[in-house]
Amino acid sequence: MTCQPTTVRCYGLAVHGHSWALPAAVARTVAKSALWVLCLIGPCWPAEAPSIRFRDVAASAGIPFVLENSPTPDKHMIETMAGGVAAFDFDGDGRTDIFFTNGAALPSLQKDSPRYFNRLYRNEGGWKFRDVTESAGVAGAGYAMAAAAGDYNNDGHIDLFVAGYRHNILYRNRGDGTFEDVTAKSGISSNEWAVAAGWFDFDNDGLLDLFVVNYADWSLDFNRFCGDSDRNIRVYCHPRYLTPIANRLYHNRGDGTFEDVSVKSGIAAFKGRGMGLAFGDYDGDGKPDVFVTNDKLPNSLFHNLGNGKFEEVALEAGVALPDHGKAVSSMGADFRDYDNDGLPDIATTALHGETFPLFRNLGHGTFAEVTSATRLARTSTLHTGWSVGLIDFNNDGWKDFFSSNADVNDLVAMFEPAVYKQANTVFENTRDGKFSESAVDFGLPQAHRGSAFADFDGDGKIDIVISSLGGPAELWRNESANSNHWLILKLTGTRSNRDGIGAEVRIGSQMNAMSSAVGYASSSLFGVHFGLGALTVVPRVEIRWPSGQRQILENVQSDQVLRVVEPR
């Protein structure tokens, strides 16, 4: 590989106007003064144009959203952890829409101004979106954190769950462009600080159940001073000062109500500081399992026993901790097959210096950490990642690794060689079991948080929408220039849940699953995507539905959105 003239990569701020030759995405962070500059040699940028390219079209698309996290001098932990995004087709017109969660005023925790409304943008085609928040009835209340999309009542209209600080909301989609708040009669509580949630059918009865990830026992009364008291510099506290709590599991009764089965399922027996959530059938037994990242605690892997109960097996499965044995600041999660061996792997993000741990599924219920072996360790260690997605952005048939980046503490540069606002990253899958950081220009660094993925314009290339604390949302149109082919399957269950969530689809050596839980506090429900490379006709598509039924499609034409209905 040939390199551009400069392979020196600097992170930080220039001093008194002195300048360096920097890659474009980093150079824009340069200011007139700072406390430090960190420069590293390599890995080099490829001289050729990257195979993956994006362009931010949020402004021209009509998405002026700003995530209002209400930062205060008291540095309440809640301020730095907001930002969930959901991508789903709420009005059934075939185009994926966008929903942003938003914060609230502090200390009231009230949305006392429209600036704090959660926002829903309707996709009107042609990269134009329209704000329909108020007409749809989803402005919300309280300090919101996460969003999860799924058709919990199987009426063909995608519903929405919004998790937040002691204020969760379940919205039933009426199918006429509006939503009804059915939280009170649903049986879903709002007693904890929820930071993530996801829909899955844990008992395969054809009804989506709800898993809610809780962070810690915290309130606005928590007023510990963290930082440098001599300099009177206050920062967000280390999570060790916050008491872990249990997550919640709600079983769908099928009548619009849910039963809290957290205790009897075994989920409540394990406490953590939950951050990310992803579902996958890691042992191939046909029952969806649950992976939860924990902040500075071992991760959790809840193995579905199939009798309404789960056992926590993260340590013996090899995903509780990286190989060095120390808990990291695990944040986002995705549960997909990155190496095309037919087994779902687990991708996570963490703080700079901790790398982004990647766990490869070895089969037989065990994983191996392959962060170094895949070359992710040496490049991801420079970043702090929040949301993550294993997505094939260039349609070459291999899933790439995306992370939305920013530090937790806005004053981190005053204490260590790191920056707060960061550009996002794509680690391109090099098709040999490794990843290489792509020279994608993601524009100005921001305090990025949640992200969602979908093909917003129907061209078969997966786009990205991202939220940022106190900054404009980003909508990255995938403009990767190649002739690779693709296929997107939109599934409709008849014996399974309507969305087909939990279905596994195989094309050749590739395997992907229908899931709406991906990233950090976010949700992507648009179909099952495959990059096909040069393949124009797919000889065989195999679908394993959550009901256990298998369906085979033969000689499927590429470059289409294919709607597949489960046979009755």
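User: Is Ala-268 buried, partly exposed or exposed?

Analyst: Let's start with the scale: buried means under 20% relative accessible area, exposed means over 50%, and partly exposed lies in between (1.4 Å probe, protein chains only). Ala-268 has 23% relative accessibility, so this residue counts as partly exposed. Keep in mind that this is a predicted model, where local features need pLDDT of at least 70, side-chain atom pairs count only at pLDDT 80 or more, and totals for chains, interfaces and linings use all residues. Residues are numbered from 1 along each chain as its sequence is written, and side-chain values use heavy atoms, with hydrogens and water left out.

User: Where does Ala-268 lie, and which residues does Ala-268 touch?

Analyst: Helices (H or I, at least four residues) and strands (E, at least two) are DSSP runs, numbered from the N terminus. Ala-268 sits in the loop between helix H5 (262-265) and strand S20 (271-272). Contact means heavy atoms within 4.5 Å. Leaving aside residues up to four places away in sequence, Ala-268 touches Ala-246, Asn-247, Ser-262 and Val-263. Its C-alpha atom is also 6.7 Å from that of Arg-248, a residue 20 places away along the chain.

User: Now for charged pairs: how many salt bridges does the structure hold?

Analyst: The general idea is that side chains of opposite charge can pair when their charged atoms come close. A salt bridge here is a side-chain nitrogen of Lys or Arg within 4 Å of a carboxyl oxygen of Asp or Glu. The structure holds 28 salt bridges.

User: Which residue forms a salt bridge with Glu-68, and what does the pair tie together?

Analyst: The partner is Arg-115, with the closest N and O atoms 3.0 Å apart. Glu-68 lies in the loop between helix H2 (58-61) and strand S4 (85-88), and Arg-115 in the loop between strand S5 (97-100) and strand S6 (119-123), so the pair ties together parts 47 residues apart in sequence. Glu-68 counts as buried at 18% relative accessibility, whereas Arg-115, at 46%, counts as partly exposed.

User: What about Glu-354: which residue is its salt-bridge partner?

Analyst: Glu-354 pairs with Lys-296, and their closest N and O atoms are 2.8 Å apart. This pair links distant parts of the chain, 58 residues apart: Glu-354 is in the loop between strand S26 (345-348) and strand S27 (358-363), and Lys-296 in the loop between strand S22 (289-294) and strand S23 (300-304). Glu-354 is buried at 13% relative accessibility, while Lys-296 is partly exposed at 25%.
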